[in-house]
Amino acid sequence: MLTKAPRGTHDILPAEAGEWNYIEGKIRDLCRRYGYEEIRTPMFEHTELFHRSIGEGTDVVDKEMYTFTDRGGRSITLRPENTASAVRAYLENKLYGAQDLVKLFYIGSMFRYDRPQAGRMREFHQFGIEALGSENPAVDAEVILVAMDFLSSLGLQDLSLSLNSVGCPECRATYRKALQDYFRPHLGELCEDCNDRFERAPLRILDCKKDADKPFLVDAPKITDYLCDECKAHFERVQAYLTEAGVAFTLDPRLVRGLDYYTKTAFEIKYPPLGAQSAVAGGGRYDGLIEEIGGKPTPAVGFATGLERVLLALEKQNLLPAANETTDVFVVALGDAAQAPAFKLLRDCRRAGLTANMDYAGRSMKAQMKQANKHHARYALILGEDEVQNGTVQLKNMEKSEQKSVKIEDVMSELVK
């Protein structure tokens, strides 16, 4: 019986790889212009890192992490997100010593045990950025701009940006109590998960998909009414920077991020044509995370986007570029005597920077020319026994169906010209 890929994983085949390279090229160009440098962290970390950063009682930690014990008896987890890993690398490698504001980006696989669905697999790929070392609200606005510019650069229009502030630990404590007081009479109407969240993380009740339509949620207290003066001023300045930059947004007091480490700014970008699962990017500020992991108190902000969902959006809108399968040169070798000289021609073409291929099955002239057409070859180099003896090669322009004999030592200059 054939062994198949594990459920929730996906082979990226050659026909799709070009689409991924296209998106990654956009990412690298954008991050270069914004001054973000690439970081590549391990795919697995000590489990403790995610317990300390994401937080006990979260769905990610309790239900979705791939955790195992290695041969040394250590608890290891495949990374479910990359912010904690980036922060761990920032501290461990003392990146904070190089400059006040460290700007990083990453592209890579993440792993969560969840129900596979369109645009979200158990192994999924994220692009994200982290800006570590500044509490300036302009940095929040810049991070949001990177996210919006990335999606816009791919041709996606009608993007919807939702914005909120989840406050700091001080003002959030007051809000937490107000939420519990409000939801306590409704506990019998909330789902089992929300009853569990009531004591540990009442803010997450606002983000519950099961209870989203319950009418009493509409009148739940708004966190923006409980922000301290500092958090309120920070949030107003973020809005001012975005407005000045011409970025439209909607204030959403029910927007909370699903991870414990967020503070102040929280945002989400949706692409409505995707339907119910329209979120394509999200992030915010996490000023307490670096200290939680073991560093000094350090402000930070970032975002992440799932590339499978981005690809799905591009596919729905026919925005993916057409595959470029053109080959510069196809070498046709006829007879045993032509095989070695043809192979040398193939090498010479590739060394000259041309895309080149040949037939290795020893087929007929007709079959090899058919293969050249299948490769969308611009030129064919035809080498038979007569050409070997004469030191020549037939150079054929496939588009014009024009062919001429060229000395074998001149063929490369002819092709490059």
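**Close-up views of a predicted model**

**View 1. Helix α11 spans residues 336–351.** Its 16 residues reach 24 Å from first C-alpha to last, close to the 22 Å expected at 1.5 Å a residue; the expected span is 1.5 Å times one less than the number of residues. This is a predicted model, in which local features need pLDDT of at least 70 and side-chain atom pairs count only at pLDDT 80 or more, while totals for chains, interfaces and linings use all residues. Residues are numbered from 1 along each chain as its sequence is written, and side-chain values use heavy atoms, with hydrogens and water left out. Helices (H or I, at least four residues) and strands (E, at least two) are DSSP runs, numbered from the N terminus.

**View 2. Here is what lies under and over α11.** Ala338, Ala342, Leu345, Leu346, Asp348 and Cys349 are the buried residues of α11, where buried means under 20% relative accessible area, exposed over 50% and partly exposed in between (1.4 Å probe, protein chains only). Their cover includes the strands β12 (327–333), β13 (356–358), β14 (377–383) and β15 (392–397), together with the helices α13 (385–390) and α14 (411–416). After α11 comes Gly353, with a positive phi near 90°.

**View 3. Helix α6 covers residues 169–183.** Its 15 residues should span 21 Å at 1.5 Å a residue, and the end C-alpha atoms are 20 Å apart, which agrees. Buried in α6 are Cys171, Arg172, Tyr175, Ala178, Leu179, Gln180 and Phe183. Among the elements covering these residues are α7 (192–200), α8 (229–244) and β9 (263–270).

**View 4. His234 sits in helix α8.** Is this residue, His234, buried or exposed? His234 is buried because its relative accessible area is 7%. Not counting residues up to four places away in sequence, His234 touches Glu135, Asn136, Pro137, Asp140, Lys264, Thr265 and Arg285; a contact means heavy atoms within 4.5 Å.

**View 5. To finish, step back to the whole chain.** The protein chain has 14 helices and 16 strands, and buried residues make up 47% of its 417 residues. Its C-alpha atoms fill a box of roughly 95 × 55 × 45 Å, taken along the principal axes. Of the contacts with a separation of 6 or more, 68% join residues 24 or more positions apart.
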